[in-house]
Amino acid sequence: MGKLLSVIVPAYNVERYLDQCLTSLAACPARAHLEVLVIDDGGTDGSMAIADRHAYEHPDVFRLFRKENGGHGSVINFGVAQARGTYLKVIDGDDWVDPEALAGLMAVLRTTDADLVLSDYNCVEDGTYRVLDHRHAARDVAHYGRTVGFDVARDEEIAKIHSLTIRTDVMRGNGIRLSEGCFYEDAQLVLFPIPYCQTVYYDDHCVYQYRLGRAGQSVDIRSLIAHADEHEAIIDSLFALGEQEADLDPDRRAYLDRGIALFAQNQYQIYLARGMGAFGDLRAFDERMRREQPGAYQAVWKRSIWLMRRTGYAAFPLGVAAYHALAALRGLRGR
């Protein structure tokens with residue numbers, strides 16, 4: 001029997017957190033219409049023993065898979081191929097959901113035919129469970145509870161993986177595949193489908209609970225620097241998408257440009273964190289972006305980047321100093 005929603009749970013060495021994730025999914029009041037695909041990506045800890053227990057207790061909800069290690073993108077690609085749900089969503093094994101909010105999202109999915117459904121989510125501090133930030137899917141509250149086209153969505157928040165629920169046929173029917181064996185492919189998940197989407201629904205249920213502060217997270221600047229080559233590879237794929245979709249209609253093109261710009265801003269952050277030795281790399285990247293992706297170049301919104309541009313990059317040392325001063329201040333606050 002088909003399901004309404006398939007949730008893909010990448011489970012690579014998340015033994016410490018996985019029980020909370022799976023328990024929250026099993027507690028969803030709409031679980032009869034939910035399937036959870038727990039995918040072991042070649043892990044070496046006890047994560048799948050935990051998954052086995054949940055599958056034994058809730059065989060109607062959980063489906064378990066084991067595969068060789070291929071990275072987060074390979075897990076999503078695998079899950080898309082296995083999904084039976086009309087819609088799909090990714091919940092990382094070290095995060096969790098609000099069960100009631102998930103049921104609210106599923107009530108939306110029963111009534112909408114939107115290609116993308118974007119929901120609110122919380123950023124939660126690891127250990128303390130303090131909500132650090134409530135992230136809104138829509139800037140304009142009037143858009144909640146509505147299905148809109150990209151004439152509206154073009155100026156709204158760019159989707160994040162935590163807010164995203166997508167029609168399965170958009171991914172599978174168009175052969176969309178994410179890069180494997182690297183970090184940061186979540187940018188591909190939210191941007192690669194845009195040329196095939198027409199409608200977006202904004203949902204105010206706060207479904208995803210995103211754990212922040214865990215050591216080794218890919219969003220940490222130290223991880224960004226360590227995996228800079230992978231970050232650049234994802235940027236290359238987004239630039240290629242931008243070139244491939246040069247004739248996309250103006251509304252979806254504007255959304256795509258803003259999404260590419262948002263991801264590219266992390267690349268500037270990497271250069272600032274690396275310090276003065278990265279000056280040449282930053283300048284070459286910025287000039288490449290201006291030449292190859294003029295729409296995304298203009299869509300960059302950070303004032304610090306525009307200050308460097310308008311001073312012919314003479315403000316780069318000031319940007320480096322400001323970045324490291326802010327990083328030191330954050331470190332003091334975190335003690």
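At what angle do helix α9 (residues 228-244) and helix α10 (residues 250-274) pack, and how far apart are their axes? In this predicted model, the two helices pack at an angle of about 160°, and their axes lie 10 Å apart. Angles over 145 degrees count as roughly antiparallel, and α9 and α10 are therefore described as roughly antiparallel to each other. The crossing of α9 past α10 is left-handed. On the α9 side, the meeting residues are A228, H231, E232, I234, I235, L238, F239, L241 and G242. Their partners in α10 are R253, L256, I260, F263, A264, N266, Q267, I270 and Y271. Sorted by class, this contact of α9 with α10 comprises 12 nonpolar, 4 polar and 2 charged residues.

From α1, the contact draws on E15, L18, D19, L22 and T23, while α2 contributes S47, I50, A51, R53 and H54. The class tally for the contact of α1 with α2 is 4 nonpolar, 3 polar and 3 charged residues.

Helix α1 can also be considered by itself. With 12 residues (15-26) at 1.5 Å a residue, α1 should span 16 Å, and the 17 Å between its end C-alpha atoms agrees with this. The buried residues of α1 are Y17, L18, C21, L22, S24, L25 and A26. Among them, L18 and L22 also take part in the contact with α2.

Two single residues complete the picture. T165 sits in strand β9 (residues 164-167). Its relative accessibility is 0%, so T165 counts as buried. Leaving aside residues up to four places away in sequence, T165 touches L5, Y87, L88, K89, L105, L109, D115, L116 and V117.

A299, in turn, belongs to helix α12 (residues 294-299). Is A299 buried or partly exposed? With a relative accessible area of 22%, A299 is partly exposed; the cut-off for buried is under 20%. Between A299 and Y255 there are 9.6 Å in space, C-alpha to C-alpha, and the two are 44 residues apart in sequence. When residues up to four places away in sequence are not counted, A299 touches D257, R258 and A261.

Notes:
Residues are numbered from 1 along each chain as its sequence is written. This is a predicted model: local features need pLDDT of at least 70, side-chain atom pairs count only at pLDDT 80 or more; totals for chains, interfaces and linings use all residues. Side-chain values use heavy atoms; hydrogens and water are left out. Axes are lines fitted to C-alpha atoms, for helices over the stretch in contact, and angles run from 0 to 180 degrees between N-to-C directions. Helices (H or I, at least four residues) and strands (E, at least two) are DSSP runs, numbered from the N terminus. Angles under 35 degrees count as roughly parallel, over 145 as roughly antiparallel, 65 to 115 as roughly perpendicular and the rest as oblique. A crossing is left-handed if the near helix is turned anticlockwise from the far one by less than a right angle, and right-handed if clockwise. Contact means heavy atoms within 4.5 Å. Ala, Val, Leu, Ile, Met, Phe, Trp, Tyr, Cys and Pro count as nonpolar, Asp, Glu, Lys and Arg as charged, and the others, Gly among them, as polar. The expected span of a helix is 1.5 Å times one less than its number of residues. Buried means under 20% relative accessible area, exposed over 50%, partly exposed in between (1.4 Å probe, protein chains only).
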